Amino acid sequence: MTLKPLYKISLVFIFSIFYSGSALSQNVKPNIVLIYVDDLGYGDIGVNGAVGVNTPNVDKLAQSGVNFTDAHSSSSTCTPSRYSLLTGSHAFRNNAAILSGDAPLIIDVEMETMPKMLQKAGYHTGIVGKWHLGLGDGNVDWNEEVKPGPREVGFDYSFLIPATGDRIPTVFMENQRVINLDPYDPIEVSYGSRLDGYPLGSERPELLKQHADPMHLQSITNGFSRIGYMNGGESALWVDEEFPFILTEKAVDFMKAQKDNPFFLFFSLHDIHQPRVANVEFVRKSLMGPRGDVIAQMDWCVGEITKTLEKLEITENTLLIFTSDNGPILDDGYFDYARELVGSHLPAGPYKGTKYSIYEGGTRMPTIVSWPGTVDPGENSALISQTDFYASLAKLVGQPIEKGNAVDSGEFLDVLLNKSEKGREYLLEEAYVYGIRHHNWKFIPAKNVNVPEWLRIKYVDPGFFPEPQLFDLSIDPFESNNLANKYPDKVKEMESKLNAIVKGEFSTK
Ligand code: NG6
Ligand code: CA
């Protein structure tokens, strides 16, 4: 049944009366759109101080919604963050780490997940974009339906970049099948021995649109050398420059088709991960070269989503969350001549560290929640984690969480809806080492972790911390003044809390 706009508005009005107390009435089922950007830093959007690129659509969302200033991904890399987001449990509990492009699905299909919970509440669920949670059972035939995958994790519909833009196979999958595949040109994939397939970046540099470091010099498809070897599937190869249009179109089609159901759309963008290659429409849209241009491109995608909600007249019945999976990365494998630090642009805002880092820049994410008519606009400084979305949304849609499910997911619905600034007391941050927050205190234990060689060469915190570190973020947001010697009792307390979390003896939620 299609409701006339007037009725819709009055329904929203009735809902808002219910919402005026601190707890929400049960069984309110707005559509939920989660826009998950890849590698976007806290400072990369206009409202958080970006200067090298304009993000008018994201800024508009922030103006009509809540801009969170202390919201975190569970980890400073992709797979672990996505794992926690969908399962409500810490990535370390399942040793979740960045996966290769042929890795098996890392979410146990028996496990309750956020999309399964939403399905039980009557939602039609879909993912469009980057997956990177593994597919299949370890021995994938890319020419057949690949199982288990998103469907077994709770998504009714999927349109995927299977792993990352820089990993083969560089093909889209719709509902777990490679699209546009010619059966006479089957796909083979290898992350071990070389295949006699696409030319290699290490041998044919003249074919490259962007030169790459030795880790990204394997099979060349569409002028980019990737991680991994691939043969066949030529008719199915994606064109990186078409990502924004193809992914956005799939997301828009999903919303259009589901506009009369409550739907959950996980729109998981490739931007601004490398290889960073903007469509010609967005080239030079920023002052920062490719990194800024793909931020502008990402902003366009966000605008298309909000425009579609408006056109479908469901803006006021849609809870939209915008955030990112990990902190910003500057160069990461491709020499794209990005001018990343143009002027005073600070990709991680006032925070130290980048993607991969345990410092705040690794996990403190640009995070906006918008639900016009229900959520009061403003800024919210509560400490929360993306891991908390699961329990908070379960509360919103009136779904119970059974014991043993979503074990690290705290219910902070009032925070998400900007009715409270009382967030978490403790929060675990995962990188190659752990960090823990207690309100504005931040603790990183002394540790020497064996991180990959390339990481040690390139990044700020290579996993070697000879001394424990303690910071007071209220006066030292950049984590530059180590107070560990000054407050030994605080160090002890936070270290023991951290150990207890890891051993499963203390819950932060
Ligand atoms: C790293 C890749 C990097 C990127 C990252 C995953 C190398 C040297 N680097 O291993 O290019 O793909 O994995 O990014 O291989 S993430 O956002 O999906 O976590
Ligand atoms: Ca990422």
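Let me start with a side-chain pair: Arg-167 and Thr-164 are joined through their side chains by a polar contact of 3.1 Å, where a polar contact is a pair of N or O atoms within 3.5 Å, and within protein one must be able to donate a hydrogen and the other to accept it, residues adjacent in sequence counting only if both atoms are side-chain atoms. This is a predicted model, in which local features need pLDDT of at least 70 and side-chain atom pairs count only at pLDDT 80 or more, while totals for chains, interfaces and linings use all residues. Residues are numbered from 1 along each chain as its sequence is written, chains are lettered from A and ligands numbered from 1 in the order in which they are written, and side-chain values use heavy atoms, with hydrogens and water left out.

Arg-167 sits in the loop that runs between strand E5 (157–161) and strand E6 (173–174), strands (E, at least two residues) being DSSP runs numbered from the N terminus. A polar atom of the Arg-167 side chain also lies 3.3 Å from the backbone oxygen of Leu-99. Arg-167 counts as buried because its relative accessibility is 13%, buried meaning under 20% relative accessible area with a 1.4 Å probe, protein chains only.

Turning to strand E1, residues 31–37, we find that 7 of its 7 residues are buried. E1 pairs with strand E14 (residues 318–324) in the parallel sense over 7 bridges, pairing requiring that DSSP finds at least two bridges between the strands, and there Val-33 has Leu-320 as its bridge partner. E1 also pairs in the parallel sense with strand E13 (residues 263–268), over 5 bridges, and in E13 the partner of Ile-32 is Phe-264.

Key:
Helices (H or I, at least four residues) and strands (E, at least two) are DSSP runs, numbered from the N terminus. Buried means under 20% relative accessible area, exposed over 50%, partly exposed in between (1.4 Å probe, protein chains only).
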